[in-house]
Amino acid sequence: LKRAGRPPDIIQRAYRFRDRRFCAGAAFARAPLQQAASRARRAPVMSMHTPEEWAHHATSNMTQARSAQYSAHRQIETSCRTHDCTVADNLSMYDSLHSSMAQKVRNSYRLLEKLQKRAESLESSLNKTKSSQMAVEKALRDKDVPLQLCCWRLEQREKRPLREQVRDNVEIALEEEKATLNETQRRLSDAVRRSKAMVSELQHALDEVRGDIEHKMQALSIDEMCLRSTERSLHAVVERTPPPPSARSGRSPNKLKMSRHQVALQESSKNEVQRQQECERMNRACTAREEAAKALREDNQKLMQRCETVASEAANKSERRMQERIHDNQQMRRRLEAEIRDTQGKIDHTKGTMSETKHQIKALDEPIDLTSSCAAWRKQRAAREHIADPVSTALQEHRMTVLQAQQELVSHHQQEKSNLKELQERRERLKEDLRDKTASLHIDLNCLTHEAVSFNGKASTSLSQHKLSKAMKLDRSFVPGAVHSAR
């Protein structure tokens, strides 16, 4: 009765009933011994019992029967109460079990709903992050095209003639563009690496959430099956053993169950709380990962825009510097051409002067021969007439003047030859400089008329017809691709 948790008054009545049965049994056991002793003293007697013994024996049997009836009656009452308590406790446990299962199912549905929403959000974030990663990778590949063009232009400009290989603004701008493109590729590569790591983290989180969803759905299916079985069993028990009035009179066996299994209830409640907390922790961790992925996608977008802007500005700067260089080259070529024309004109003029000087020198041969002949003839005069007269003086002065003029003309002719040679050398140097600048101009025009393209996933250069038409207006002798190497 103590183990069954019966009330104290029932336990006390059971103790008293046991004591009475013990006393009655002891008296019944002593009666035969007393009767045998009496018969031994009264022997020989034909009857074994006296009337008093007979009456006492009947009375004792009736007393014991009443005691057994009373004990059976008390036991019946106790059993009925136990039956009622058992039914009530069983129904209470059914109610408690049904309530626990229903609450567990509701909690599982709530957690599954939250986890499924989180899984959908994670999948969306994962897809967006993958798209961002592919966009960054495309931006990284796209930088190969302008970088290839920049390196090609630098290689082409290395083929300029030696006198034209100067560190001009075009070379500086191309080197800056190359450094800028390399830096943008480095930053984009870092962004790709970070995006891959974030995609891996999101995929791991999504797999973890999906695994948890799968486990919870499996546990939920089992709990629902148990809940349905419990409901069917409860209905069957209620039909077989209707609840007693005590179960409908406000009895609260849940408190009794809580008192019996307080430790187990606390432990199970703690486990359920930990289960929900673990789910919440996972949800918060996934939310933090999604926020980090969103920030990374925004950073990637800003980085791609900055890199595109910087690369575009560097390319435009190189284009402007190249156009300025072409303009300066054109002006210098025009000046060289004008100087060559002036030098050629001076050469022609010098040649004309030289021809005139030769003519003048040749013209002096006649007066020289005349003065020589006259002087020779006058030496044949008679001795008396062979005097230094004014004619001799005039002939001498004429001869000296003509000879001096001839010497001056010869000297001028030599100087004219030297000037002509120098003019011709300068003209050749000017022409050579013009050829070098023309070659440099064609190289710059060739660089300017080509643009970067991507063919079959590979970066290459291609001729732009629009830019070619502009280049042909600058120099009609320009032939795309006909670049002469440096001498």
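A residue counts as buried when its relative accessible area is under 20%. The legends below describe close-up views of a predicted model.

**Figure 1. Asp-212 is a buried residue of helix H4.** Asp-212 lies in helix H4. Its relative accessibility is 14%, and Asp-212 therefore counts as buried. When residues up to four places away in sequence are not counted, Asp-212 touches Leu-115 and Met-282.

**Figure 2. Ser-132 is a buried residue of helix H2.** Helix H2, which spans residues 51-142, contains Ser-132. Ser-132 has a relative accessibility of 10% and so counts as buried. With its neighbours within four places in sequence left aside, Ser-132 is in contact with Arg-297 and Asn-300.

**Figure 3. Helices H2 and H7 pack against each other at an angle of about 20°.** The axes of H2 and H7 are 10 Å apart. An angle under 35 degrees counts as roughly parallel, and H2 and H7 are therefore roughly parallel to each other. The crossing in which H2 passes H7 is left-handed.

**Figure 4. Helix H3 packs against helix H4.** H3 comprises residues 144-157 and H4 comprises residues 169-240. Their axes lie 10 Å apart and form an angle of about 150°. That angle makes H3 roughly antiparallel to H4. The two helices cross in a left-handed sense. On the H3 side, the contact is made by Asp-144, Pro-146, Leu-147, Cys-150, Cys-151, Arg-153, Leu-154 and Arg-157. H4 contributes Val-170, Glu-171, Leu-174, Glu-177, Lys-178, Leu-181, Asn-182 and Gln-185.

**Figure 5. Helix H8 has a buried side and a face turned away from it.** H8 is formed by residues 365-378, 14 residues in total. From its first C-alpha to its last, H8 reaches 20 Å, close to the 20 Å expected at 1.5 Å a residue. The buried residues of H8 are Pro-367, Ile-368, Thr-371, Cys-374 and Arg-378. They cover an arc of only 135° around the axis, which puts them on the same side of H8. An α-helix has 3.6 residues a turn, so residues three or four places apart point the same way. The exposed residues Glu-366 and Trp-377 are carried by the face of H8 turned away from the buried side. The buried residues of H8 pack against helix H7 (262-363) and helix H9 (390-449).

**Figure 6. Helices H8 and H9 cross at roughly 150°.** The axes of H8 and H9 come within 9 Å. These two helices are therefore roughly antiparallel to each other, and H8 passes H9 in a left-handed crossing. The residues of H8 that meet H9 are Asp-365, Pro-367, Ile-368, Thr-371, Ser-372, Cys-374, Ala-375 and Arg-378. Their partners in H9 are Val-391, Ser-392, Leu-395, His-398, Arg-399, Val-402, Leu-403 and Gln-406. Among the H8 residues in this contact, Pro-367, Ile-368, Thr-371, Cys-374 and Arg-378 are buried.

Figure 7. From the N terminus on, the elements run α-α-α-α-α-α-α-α-α-β-β-α. The protein has 487 residues, of which 31% count as buried. Of the contacts between residues at least 6 apart in sequence, 85% join residues at least 24 apart.

Key. Residues are numbered from 1 along each chain as its sequence is written. This is a predicted model: local features need pLDDT of at least 70, side-chain atom pairs count only at pLDDT 80 or more; totals for chains, interfaces and linings use all residues. Side-chain values use heavy atoms; hydrogens and water are left out. Helices (H or I, at least four residues) and strands (E, at least two) are DSSP runs, numbered from the N terminus. The expected span of a helix is 1.5 Å times one less than its number of residues. Buried means under 20% relative accessible area, exposed over 50%, partly exposed in between (1.4 Å probe, protein chains only). The arc is that of the directions from the helix axis to the C-beta atoms. Contact means heavy atoms within 4.5 Å. Axes are lines fitted to C-alpha atoms, for helices over the stretch in contact, and angles run from 0 to 180 degrees between N-to-C directions. Angles under 35 degrees count as roughly parallel, over 145 as roughly antiparallel, 65 to 115 as roughly perpendicular and the rest as oblique. A crossing is left-handed if the near helix is turned anticlockwise from the far one by less than a right angle, and right-handed if clockwise.
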